[in-house]
Amino acid sequence: MVKVKYIFVGVCLVFSLLLLSVFVFALTELDVVSPSSNQNVSGIIVLNATIDDGDGIVTNLTFEFVDSSGDSFNFTVYNVTDTVFTDASFDSSVLDDGVYNITVYATNGTDDLLNETTTLLTIDNTLPVIDFSSPTEANYANVSRTNIYINISVTETNEKNITFLLHNSTGQVNSTTYTNGARTINWTGLAQGVYTYNVTVNDYSGNSNTSLTRTITLDTTAPTLSLVRASSTTNSITVTQSCTDDLSGVASCTLASSSGSVSGSTISGLSCGTSYTINLTGVDYAGNSASTSSSMSTSNCASSGGSR
């Protein structure tokens, strides 16, 4: 009879310990702090969760990423003895860009399991691509107008905003940001001068890219010309000429005559004592042109008469 009593007491003790173990180590609550639903991320992200483990030990916490095709990737934190899993770093670039459902699993020493699902996490580690398109002027263009028109193309599926930025020699002239997918801008009423511009695109995952900076010169003023006779002979005229332009520069400075042949600054093959129209035309790199003319004569002609 005593032996049966001890057996009964032993069985009860083992059963009580098992119940106590289940009570102590049961997971009762799992809350995912980061990432949140509908979040856009890139690069290193923070994984964060809180667990109520009933004063037991959580052996690991696993984040399961499942893409739209059903493929999964697990990231597990091991041997954590705290109930708050804080700032576990995860490099999202190991996954392809796309939308993921995340299920978080927590287990303890008794293999009890809890999970919580965070949906629609967008991973985007690709920089926006920006290209200038026609009729945007080529880099270092010289134009005779008072506006700058920009047209671009953008490759980005997760665009947040786009900013067009314009500078001149004194600083920023204009900065315009659009959130509606705009691809063009026309800056008008601009003064003559040298301008630089670029375009920046940001996406919702924090990626940002800026185009190459282009330079353009607005020049609406024609070159300044000077034409004077320097010397002459019986059959030639030599001039001093100049064409100057302070903005885009002189593309051509051309001397012409109503007769004779021009070589450098000299017009030859002329008749003595005859007046000729000499022309000078200057064109700058923006396409502006100016012309001037002057009437000039040969000299030193011998007298045709004499005395007896």
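**Sheet β9-β11-β14**

I started with the open sheet: 3 strands in the order β9-β11-β14, with antiparallel pairing. The two edge places go to β9 and β14, which have a single partner strand each, so one side of each is left without a neighbour in the sheet.

Two strands count as paired if DSSP finds at least two bridges between them.

**What I'm looking at**

This is a predicted model, where local features need pLDDT of at least 70, side-chain atom pairs count only at pLDDT 80 or more, and totals for chains, interfaces and linings use all residues. Residues are numbered from 1 along each chain as its sequence is written, and side-chain values use heavy atoms, with hydrogens and water left out.

I went through the pairs next. Strand β9 (residues 129-132) runs antiparallel to β11 (residues 148-155) over 4 bridges. Which residue of β11 stands opposite Asp 131? I found Ser 153 there.

On the other pairing, β11 meets β14 (residues 184-187), again in the antiparallel sense and over 4 bridges. Here I noted that Ile 148 has Trp 187 of β14 as its bridge partner, while Tyr 149 is bridged to Asn 186.

**Loop between β9 and β10**

From β9 I followed the chain into the loop towards β10 (141-143), where Pro 135 is found. The peptide bond joining Ser 134 and Pro 135 is cis, with omega about 10°. Tyr 140 has its place in this loop as well, and its phi is near 65°, a positive value in a residue other than glycine. Is Tyr 140 buried or exposed? I have it as exposed, at a relative accessible area of 60%. The cut-offs are under 20% for buried and over 50% for exposed, with partly exposed in between (1.4 Å probe, protein chains only).

Pro 35 sits in the loop between β1 (29-34) and β2 (40-41).

Last entry: Asn 300, in the segment after β24 (289-297). Asn 300 isn't a glycine, yet its phi is positive at about 65°. Asn 300 is exposed, with a relative accessible area of 62%.
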